[in-house]
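Trainee: I have the sequence and the structure open and would like to go through some local features. Can we take them one by one?

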Amino acid sequence: MKIDILTLFPGMFKGFIEESIIKRAIAIKAVDINLINFRDFSKLNNHQVDDTPYGGGRGMVLRCEPVIDALESVKKKDSKVILLSPQGKLFDENLALKLKNEKHLIFICGHYEGFDERIRSFIDEEISIGDYVLTGGELPAMVISDAVIRLLPNVIKEESYANDSFMNGLLDYPTYTKPPVFRGLEVPPVLLSGHHENIKLWREKAALDNTQKKRKDLLEKK
Ligand SMILES: C[S@@+](CC[C@H](N)C(=O)[O-])C[C@H]1O[C@@H](n2cnc3c(N)ncnc32)[C@H](O)[C@@H]1O
């Protein structure tokens, strides 16, 4: 998969692409991530990318020209263009599962007060990562890329995420590691029994109980 991220702040992505699983996904060529600064596409002398809103009012608005020129420099026939915005469709695991089948994702990160409304005419989808407002689209671009990249072949083992929360409409079951007793808190004995069938049954029930306790709404949907 190729991911192009259009941003005014490419430096924000340094840790994201240089650490842990995303770094390895890039190394094994499961994903190719490109950062494009739309300031480089401004034709104004001072490389300005924003301006005051028509009609007056608060904040600075990203101009169409540098954003769309940057977009058109990377867009191909099979690209999916995603605008990050608090007004978009709410991101969830189902959307991550859909996006993992795309060949080429392009994220447009807004900043400041937002962007010129006409930019919406050039996109395929508008996505929000939650009902709150962030300073820019950079964190949302990282959140969505991370959730999608971990689902790509060879990035992590499929059995590692098959039972993750939301994969089958439930939360994950509780997990434990050594020691068997920590400050009086015991690991459920069945997990130490070595009896695979009983462990499987315990985990299925524990996932259901966990969902019932923390996210009843998921059970209602299921
Ligand atoms: C301060 S916000 C602009 C908010 C805009 N005035 C509004 O109320 O819809 C600046 C940029 O951050 C990004 N952003 C902020 N919150 C977001 C969210 N929840 N999901 C996705 N992107 C978000 C968008 O790219 C947005 O253009």
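Trainee: In which loop does Phe-166 lie?

Mentor: The model is predicted. Phe-166 is not a glycine, yet its phi is positive, at about 80°. Its place in the chain is the loop between H6 and E9.

Trainee: Is Phe-166 buried, partly exposed or exposed?

Mentor: A residue needs 20 or more other C-beta atoms within 10 Å to be buried, and 12 or fewer to be exposed. Phe-166 has 17 C-beta neighbours inside 10 Å, so the class is partly exposed.

Trainee: Which residue is joined to Lys-178 by a cis peptide bond?

Mentor: Most peptide bonds are trans. Here omega is about 5°, and the bond is cis.

Trainee: What is the phi of Tyr-112, and where is Tyr-112 found?

Mentor: Most residues other than glycine have a negative phi. Tyr-112 has a positive one. With 15 other C-beta atoms within 10 Å, Tyr-112 is partly exposed. Tyr-112 is found in the loop between E6 and strand E7 (114–115), and its phi is near 55°.

Trainee: In which sense do E5 and E6 run, parallel or antiparallel?

Mentor: Strand E5 covers residues 79–90 and strand E6 residues 104–108, with 5 bridges joining them.

Trainee: Which residue of E8 is the bridge partner of Lys-89?

Mentor: E5 also pairs with strand E8 (residues 125–128), in the parallel sense and over 5 bridges. In E8, the partner of Lys-89 is Ile-127.

Trainee: Which strands do the buried residues of H3 pack against?

Mentor: Helix H3 spans residues 64–74, and its buried residues are Pro-66, Val-67, Ile-68, Ala-70 and Leu-71. They pack against strand E1 (2–7), strand E2 (32–37), strand E4 (61–62), E5, E6 and E7.

Trainee: How many Å separate the centres of domain 1 and domain 2?

Mentor: The domain assignment gives domain 1 as 2–158 and domain 2 as 163–221. Taken over C-alpha atoms, the separation of their centres is 36 Å.

Definitions and conventions. Residues numbered from 1 in each chain as written. Predicted model: local features only at pLDDT ≥ 70, side-chain atom pairs only at ≥ 80, totals over all residues. Pairing = 2+ DSSP bridges. Helix = DSSP H or I, 4+ residues; strand = E, 2+ residues; numbered from the N terminus. Domains from an automatic or database assignment. Contact = placed C-beta atoms within 7 Å.
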